[in-house]
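Please consult the sequence and structure shown here alongside the text.

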Amino acid sequence: MIRRVPIGILSLALLAGLAWAVLSLPATPTGLTAESLVKLPESGVTNPVTAVLLNYRGYDTLLEVGVLLLAIVGVWSLRRGEWPAVDLRDRPLLMSLLRVLLPVLVLAAGYLLWIGAFAPGGAFQAGALLGGALVLVLLAGLARRVLQRDRLLRFGLALGVLVFAGVCAVTKLLTGGMLQYPAGSGGKWILLIESAALISIGLTLGLLYLGGRPALKQEDSSERSPHAHD
Amino acid sequence: MIEADHRIFLLAGAVLFAIGFHSLVVQSHLLRRIMALNVMGSGVFLVFIALGSQAPGPVPDPVPQAMVLTGIVVSVCATGLALALADRVQAATGKVELEDDAQTHRNATDATKESRG
């Protein structure tokens, strides 16, 4: 709240510098469109964005899945998750909505994962849908028993990194290059990585909403109202 | 020169970044700072996508799209971690500001009081 004027001037100077920088860029930037399209037939997919994410720049995505895991590990080590205070399981309207919505969300996530090879879509978009579905489940207080199975959740959260690292090792052995898929089978490897990443991304995004490691059963039962049962 | 359609997106990205930067420095509440970082990130994503969309070729440049896709997921997770950290700060100190900021504010308030008194 102090020194407002100098900070305002600094921000305006930053804006002027950035505006000058973006406007003075050449009109036809030397993009990588041509390069990525030339190799597209060999990449195993026909959607150039998926080819970039999981073939040309696979390292990026491997590290990103690692960052996701680090973020949730960080959150889990900082806090205990809190279940929503209100139990919504006896609200008929919400439950009948979820009965329709949750399968549709899971189905749409699977569709986005599959279509990612040919059209816009992929593990991240699908993972966002799964994450949203998980947030609904958490809000409604469903599936608490599953969500208290620590080992299962940990395995699901780490699955993306584990499978990705496994594919790195196998492709290294098969072709001599890490994440350099054997000719003609790129699509299968990409689908394998994306399926594992989908589960981890969905779980990570959903569980971040809980804000910490799910509370254990005994702590949970003491916190909840006595009339509610799993 | 870049064509006008794209200039508006590039400028909007620069404006978002500057607004976010200003809030990041001026606001001391941690929640506002986390939001400021997100606004700055959105500005960067907008510039990336705008540059990718005017690259030569039959389709927009897929590389910036892939990088922004990566960036969005990372920024969501980083925000989650930052919120958990902010909550810890509040649990430990009872304040939603960092100790240094609070100190600076106190000193500034004290100085004002002294000069008045």
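The points below cover the basis of the model, the interface and the salt bridges.

This is a predicted model, in which local features need pLDDT of at least 70, side-chain atom pairs count only at pLDDT 80 or more, and totals for chains, interfaces and linings use all residues. Residues are numbered from 1 along each chain as its sequence is written, chains are lettered from A and ligands numbered from 1 in the order in which they are written, and side-chain values use heavy atoms, with hydrogens and water left out.

**Confidence**

**Interface of chains A and B**

- Contacts link 40 residues of chain A with 44 residues of chain B.
- The buried area (accessible area, 1.4 Å probe, that two parts lose on being put together, summed over both) is about 3800 Å², and carbon and sulfur atoms give 80% of this area.
- One salt bridge (a side-chain nitrogen of Lys or Arg within 4 Å of a carboxyl oxygen of Asp or Glu) is found across the interface; it pairs Arg79(A) with Asp87(B) at 2.5 Å, N to O.
- Helices (DSSP runs of H or I, at least four residues, numbered from the N terminus) that give two or more residues to the chain A side include H1 (4–23), H5 (58–78) and H10 (186–210).
- H1(A) gives the most to that side, with eleven residues.
- By class, the chain A side has 28 nonpolar residues (Ala, Val, Leu, Ile, Met, Phe, Trp, Tyr, Cys and Pro), four charged (Asp, Glu, Lys and Arg) and eight polar (the others, Gly among them).

**Salt bridges within chain A**

- Over all chains, the whole structure has five salt bridges.
- Arg213(A) and Asp150(A) form a salt bridge at 3.2 Å, N to O.
- Arg213(A) lies in the loop between H10 and H11 (217–223) and Asp150(A) in H9 (150–175), so the pair ties together parts 63 residues apart in sequence.
- Salt bridges that share partners join Asp150(A), Arg154(A) and Arg213(A) into one network.
- Arg57(A) pairs with Asp60(A) in a salt bridge, with the closest N and O atoms 2.9 Å apart.

Technical notes. Contact means heavy atoms within 4.5 Å.
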